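Subject: Handover of a protein structure

Dear colleague,

Please find below the structure that I am handing over to you. A short account of the findings follows it.

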Amino acid sequence: MKKWVFLTKLWLCCLISQAQITLVNPAAEGGFEVGATFALNGWTVVNGTQTNQWHVGTAAFFAGLRGAYISNNSGTSNNYDVSATSVVHFYRDITIPPNSTVNLSFRWRGQGESGFDYLRVYVVT
């Protein structure tokens, strides 16, 4: 009987350790809901002095309070200058537990120029 109790407890511990962990919450910082800047949401933005830059705000969003979008007028609108070459990005360091399965999803709305405008997602060590 003691052996069955031990095995049952071990099995329950394994189930608990396999529970899903949310590393970036889309209803909070992952969805830009915490604040009106990338930094307040835990992201790092690299805009440089480009004409078209990433912003967090209400000019373009899917759900919630805010979203991330490209703007050529300091975030007032989600317009961009098609004649200006811009390479900008934002990122977030996330520590993924060893031996984990990761599900990545995001909502992307874009109407860029074919062959010029890209969205790339990277996972790096």
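The protein has 1 helix and 4 strands, and along the sequence these follow the pattern α-β-β-β-β. Please note that this is a predicted model.

As for the protein overall, 19% of its 125 residues are buried. Among contacts between residues at least 6 apart in sequence, 42% join residues at least 24 apart.

I would then draw your attention to strand 2, residues 53–57. Because 5 of its 5 residues are buried, strand 2 is largely enclosed by the rest of the structure. In a regular strand, side chains alternate between the two faces of the sheet. Both faces of strand 2 are covered: on one side Gln 53, His 55 and Gly 57 are buried, and on the other Trp 54 and Val 56 are buried. Strand 2 runs antiparallel to strand 3 (residues 67–71), to which it is joined by 5 bridges. One of the residues involved is Trp 54, whose bridge partner in strand 3 is Ile 70.

The surface also deserves a look. A nonpolar patch there is formed by Ile 21, Leu 23, Ile 94, Ile 96, Val 102, Leu 104, Phe 106, Trp 108, Leu 119 and Val 121, which together have about 960 Å² of accessible area. Leu 104 lies in the segment after strand 4 (89–91). With a relative accessible area of 60%, Leu 104 counts as exposed, because the cut-off for that term is over 50%.

With kind regards

Methods
Residues numbered from 1 in each chain as written. Predicted model: local features only at pLDDT ≥ 70, side-chain atom pairs only at ≥ 80, totals over all residues. Heavy atoms only, no water. Helix = DSSP H or I, 4+ residues; strand = E, 2+ residues; numbered from the N terminus. Buried < 20%, exposed > 50% of the residue type's maximum accessible area, 1.4 Å probe, protein only. Contact = heavy atoms within 4.5 Å. Pairing = 2+ DSSP bridges. Patch = residues over 30% accessible without salt bridge, like charges linked within 9 Å, V, L, I, M, F, W, Y side chains within 5 Å. Areas by Shrake-Rupley, 256 points an atom, 1.4 Å probe, with all protein chains shown as cover. Salt bridge = Lys/Arg side-chain N within 4 Å of Asp/Glu carboxyl O.
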